[in-house]
Amino acid sequence: MFSIQKGSDTAIIVVHEIYGINEHMKSICQSLSGNGFDVLCPDLLGREAPFDYSEEPEAYSYFMNRVGFPRALNSVKDALAEIKSAYRHIFVVGFSVGATAAWLCSEDRRVDGVVGYYGSRVRNFLDISPECPVLLFFPQEEASFQVDESLSALDHKANVEARKLTGRHGFSDPFSAKYDEASANEAFERMLAFLRNDRV
């Protein structure tokens, strides 16, 4: 678990990518903390160190075979149960597989809002009916599916706003070759507006 406490009445649970709690996840936590939120990032992998980007196939296999979405969801729900009484508002923000886990949390009434960055597997869980506001970011390009088809399916769901931004899967990660600064900045600013609006 990586956490930063500021004494806020609002907590954000950050759900990491297949790589684990790496520098990108820590920088996201620090940026959110810098905007006045308490932040915690559960360790879904249970490894001593995160995977390197060069180990993407191994990281994906490890997540899918040894963690999976049900276990990831349970980890987030455990964190929710642990902190619920201490906060007025709780949001879940996820990246890639973490975005899909965050999407699965949107039916939990303890959650005040969900933000997901390039959750490509959201398309496998379109039966979800969010109980809270959801903001999803998708890249223009995804190797495994047609982004516009997912956007079209999500467009009919209540409480869901889905946006397509320039770049590839991973566009928000400044430590990755897939980083797109303009899209990363736009998504972060939209996320902050979403988090602040739902706190009013």
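In the predicted model, helix H2 (residues 56-83) lies across strands S2, S3 (38-41) and S4. The direction of H2 runs at about 165 degrees to S2. Helix H3 also packs on the sheet. Its contacts there are with S2, S4, S5 (113-117), S6 and S7. The direction of H3 makes about 145 degrees with that of S4.

The sheet itself is open and has 7 strands. Their order is S1-S3-S2-S4-S5-S6-S7, and the pairing is mixed. Strand S1 (2-4) and strand S7 form the edges, each pairing on one side only. From one strand to the next, the twist averages 15 degrees.

Within this sheet, S2 (residues 10-15) pairs with S4 (residues 89-95). The two strands run in the parallel sense, and 6 bridges join them.

Helix H4 spans residues 147-154. Four of its residues, Val147, Ser150, Leu151 and Leu154, are buried, that is, under 20% relative accessible area. These residues lie on the same side of H4, because they cover an arc of only 100 degrees around the axis. An α-helix has 3.6 residues a turn, so residues three or four places apart point the same way. The cover over the buried residues of H4 includes helix H3 (97-104). Strands S6 (134-141) and S7 (160-168) are also among the elements that cover them.

Conventions
Residues numbered from 1 in each chain as written. Predicted model: local features only at pLDDT ≥ 70, side-chain atom pairs only at ≥ 80, totals over all residues. Heavy atoms only, no water. Buried < 20%, exposed > 50% of the residue type's maximum accessible area, 1.4 Å probe, protein only. Arc of directions from axis to C-beta. Contact = heavy atoms within 4.5 Å. Pairing = 2+ DSSP bridges. Axes fitted to C-alpha atoms, helices over the stretch in contact; angles between N-to-C directions.
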